[in-house]
Amino acid sequence: MAYRGVRETGARSIVANSAADGYTVLTGDIAILTFNPVLYQKVRYDVFRDFAPVGLMARFPLIVAAHPGSGIRTIQQFVAAARKPDAKLNYASAGVGTPHHLAMELMVHSTGIKVPHVPYRGDAPALQDVAGGQVPVAVLAPVASLPFIQAGKLLPLAVTSDRRLPQLPDVPTFKELGYATSAVYAWQGLVVPKATPAAVVAYLSNQVQQALRAPAVQQKLSDLAMEPIPSGPADMEAHIRSEKALWEPLIKARGIRAD
């Protein structure tokens with residue numbers, strides 16, 4: 001089967017209003033399916049009303065890293081430095097409302113510290129500035145930051161995954177440090193228009209799951225520091241709902257807006 005790609009502005013609403021024939025699919029990530037309806041005042045789609053989940057595809061955790069000259073060697077030192085009355089500390093992320101930003105806000109919220117957020121337009125400029133010492137700490141994707149960490153240009157402080165990363169066995173997780181009750185991943189999955197027949201959704205889901213189990217696909221995802229998470233429609237819907245229950249209260253409590 002061939003699929004129409006939708007990439008222009010308003011793609012989510014276009015997919016929501018497309019023919020429910022299985023030929024228009026949307027790669028929905030944690031931002032589209034969980035964050036955006038809370039971050040923006042006007043969103044032209046409703047996740048559960050307009051879309052039918054096909055299945056999750058892949059995920060990756062985030063890494064909190066510091067510039068070697070910042071004087072910060074552990075996440076505990078970061079928290080302690082932020083609690084000082086004369087603290088002049090901030091952190092960078094890939095932008096407002098990104099998983100990078102919200103993962104750090106979850107930690108900041110749990111500790112009660114106040115640390116200004118410096119949003120960038122993507123991982124690359126945030127990485128460039130933390131590696132150059134313009135900002136002391138940044139939250140970064142593994143695929144971007146691991147080469148800098150391995151080269152000694154960045155110091156990893158913590159990871160947001162369930163378990164320690166194989167590439168960073170000495171770096172603790174937020175969970176084991178007590179800074180989060182659940183892991184944080186950036187993830188992606190496929191959705192189709194809500195009225196798409198169940199048989200078509202099931203066919204698409206099976207095809208995606210088969211593809212994600214292919215050794216070549218798994219190797220490519222591993223090369224990108226990503227983890228395949230093949231799943232069916234029901235599991236994806238349950239995942240979206242659990243993520244919504246975690247992030248919606250936090251976004252509102254922190255007063256985070258992306259408008």
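Two residues are in contact when they have heavy atoms within 4.5 Å of each other. By this definition Met104 touches Val64, Phe78, Tyr91, Val137, Val139 and Phe174, leaving out residues up to four places away in sequence. The structure is a predicted model, in which local features need pLDDT of at least 70 and side-chain atom pairs count only at pLDDT 80 or more, while totals for chains, interfaces and linings use all residues. Residues are numbered from 1 along each chain as its sequence is written, and side-chain values use heavy atoms, with hydrogens and water left out.

A nonpolar core is a set of buried Ala, Val, Leu, Ile, Met, Phe, Trp, Tyr and Cys residues joined through side-chain atoms within 4.5 Å. Buried means under 20% relative accessible area, exposed means over 50%, and partly exposed lies in between (1.4 Å probe, protein chains only). The largest nonpolar core has 65 residues, and Leu33, Ile75, Phe78, Met104, Val137, Phe174 and Trp247 touch the most other members. Another core, of 19 residues, lies apart from it and includes Ala92, Leu127, Leu146 and Val171.

Val64, one of the residues that Met104 touches, is found in strand S3 (residues 63-66). Strands (E, at least two residues) and helices (H or I, at least four) are DSSP runs, numbered from the N terminus. Val64 is buried, with a relative accessible area of 0%. Its contacts, leaving aside neighbours within four places in sequence, are Ile75, Met104, Val137, Ala138, Val139, Leu155, Pro156, Leu157, Ala158 and Phe174. The C-alpha atoms of Val64 and Ser93 are separated by 9.6 Å, with the two residues 29 apart along the chain.

Two helices come next. Helix H6 (residues 123-131) and helix H7 (residues 142-150) pack at an angle of about 20°, and their axes are 10 Å apart. Axes here are lines fitted to C-alpha atoms, for helices over the stretch in contact, and angles run from 0 to 180 degrees between N-to-C directions. The angle makes H6 roughly parallel to H7, a label for angles under 35 degrees. Asp123, Leu127 and Ala131 of H6 make the contact with Ala144, Ser145 and Phe148 of H7.

Charged side chains also pair up. A salt bridge is a side-chain nitrogen of Lys or Arg within 4 Å of a carboxyl oxygen of Asp or Glu, and the count by this rule comes to nine. In one of them Glu176 meets Arg164, at 2.8 Å from N to O. Glu176 lies in helix H8 (residues 174-177) and Arg164 in the loop between strand S7 (155-159) and H8, so the pair ties together parts 12 residues apart in sequence. Glu176 is partly exposed at 45% relative accessibility, and Arg164 is partly exposed at 36%.

Glu248 and Lys244 form a salt bridge of 2.6 Å, N to O. Both lie in helix H11 (residues 233-254), four residues apart, about one turn of the helix. Asp259 pairs with Arg257, their closest N and O atoms being 2.8 Å apart. Asp259 is exposed at 59% relative accessibility, whereas Arg257 is partly exposed at 39%. Salt bridges that share partners join Lys244, Glu248 and Lys252 into one network.

Ala225 has a positive phi of about 60° although it is not a glycine. Ala225 lies in the loop between helix H10 (215-223) and strand S9 (227-228), and is buried, with a relative accessible area of 16%.

Key
Angles under 35 degrees count as roughly parallel, over 145 as roughly antiparallel, 65 to 115 as roughly perpendicular and the rest as oblique.
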